[in-house]
Amino acid sequence: MVSAPFWVPLILLVAALVRIRLGRPVLFWQDRPGLGGKVFRLCKFRTMSDARDDAGRLLPDGERLPPFGRWLRSTSLDELPELYNVLRGEMSLVGPRPLLVAYLDRYTPEQSRRHEVRPGLTGWAQIRGRNAVSWEQKLALDVWYVDHRSLWLDLRILAETVAQVWRREGISAAGEATMPEFRGTARPADAPAHGEGVCSETHTSGIPGDR
């Protein structure tokens, strides 16, 4: 990993740009499930405005994501504060991306296996389509990583992540500002609900399409 003296000035620079272009708050905090479904507070740079309609409801992602926010996401610079979560042991450099708490009860038992490892800054699904693949494909890729993880695979993912960020591929789903909400995968009526044994705290705020 590149030494801290490189990251600190970069983080401070991006923080200043966010403050100038988007205002306060500079950081975006949100509950996300980690290892074993345990909820932690994810820290990212803010990329969206808080624009609301006349009824006080947040506008759709596409209307709240300005060009500067799109640029931050396309370069993955908005993810830099997650190094704080890595230092706290809540995340790893490589692993399934931490999704919304509200999704916990929507996974099939197989999909929920993505929580058998710590979430990561980047992962197998991120270099195999990122937000341009379906939810089912993305979650299947996460589980594949759980079953095949190794040091060499992690090094490969890190290297390919750099190349993908450079090409700025898979930033959003087709026709979406980010990624549509995960509604769950259809399963037989007699299949057990996923919520058993996993925290299912309700998600109450944040960015529905955040990757």
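User: How many helices and strands does the secondary structure of the protein come to?

Analyst: In this predicted model, the protein has six helices and four strands. Along the sequence they follow the pattern α-β-β-α-α-α-β-β-α-α.

User: What share of the residues counts as buried?

Analyst: The protein has 211 residues, and 44% of them count as buried. A residue is called buried under 20% relative accessible area and exposed over 50%, with partly exposed in between. Trp7, in helix H1, has a relative accessible area of 21%, so Trp7 is partly exposed.

User: Where does Trp7 stand relative to Pro81, in sequence and in space?

Analyst: Trp7 and Pro81 are 74 residues apart in sequence, while their C-alpha atoms are 10.0 Å apart in space.

User: Which residues form a nonpolar patch on the surface?

Analyst: Such a patch consists of Leu151, Trp152, Leu155 and Leu158, and together these residues have about 450 Å² of accessible area. Take Leu158 as an example. Leu158 belongs to helix H6, which covers residues 151–167. Its relative accessibility is 32%, so Leu158 counts as partly exposed.

User: Next, the backbone. Which peptide bond is cis, and which residue has a positive phi although it is not a glycine?

Analyst: The general idea comes before the cases. Most peptide bonds are trans, and most residues other than glycine have a negative phi. Here, the bond from Arg24 to Pro25 is cis, with omega near -5°. Pro25 sits in the loop that runs between helix H1 (4–22) and strand S1 (27–33). The residue with a positive phi is Ser76, at about 65°. Ser76 is in the loop between helix H3 (67–75) and helix H4 (83–87).

User: How many cavities of 30 Å³ or more does the structure hold, and how much space lies in the largest cavity?

Analyst: Again, the idea comes before the case. Empty space left between atoms is found by rolling a probe the size of a water molecule over them. This structure holds two cavities of 30 Å³ or more. The largest cavity has about 40 Å³ of space.

User: Which residues line the largest cavity, and how do they divide by class?

Analyst: The lining of the largest cavity includes Pro33 and Gly34, then Pro96, Arg97, Pro98 and Leu99. Also in this lining are Arg114, His115, Val117, Arg118 and Pro119. By class, the lining has six nonpolar residues, two polar residues and three charged residues.

Conventions
Residues numbered from 1 in each chain as written. Predicted model: local features only at pLDDT ≥ 70, side-chain atom pairs only at ≥ 80, totals over all residues. Heavy atoms only, no water. Patch = residues over 30% accessible without salt bridge, like charges linked within 9 Å, V, L, I, M, F, W, Y side chains within 5 Å. Areas by Shrake-Rupley, 256 points an atom, 1.4 Å probe, with all protein chains shown as cover. Salt bridge = Lys/Arg side-chain N within 4 Å of Asp/Glu carboxyl O. Helix = DSSP H or I, 4+ residues; strand = E, 2+ residues; numbered from the N terminus. Buried < 20%, exposed > 50% of the residue type's maximum accessible area, 1.4 Å probe, protein only. 1 Å grid on protein atoms, 1.4 Å probe; cavity = no way out; pocket = protein on both sides within 12 Å on 5 of 7 lines; lining within 4 Å. Points joined across faces, edges and corners; volume = space filled by probe spheres on them. Nonpolar A, V, L, I, M, F, W, Y, C, P; charged D, E, K, R; others polar.
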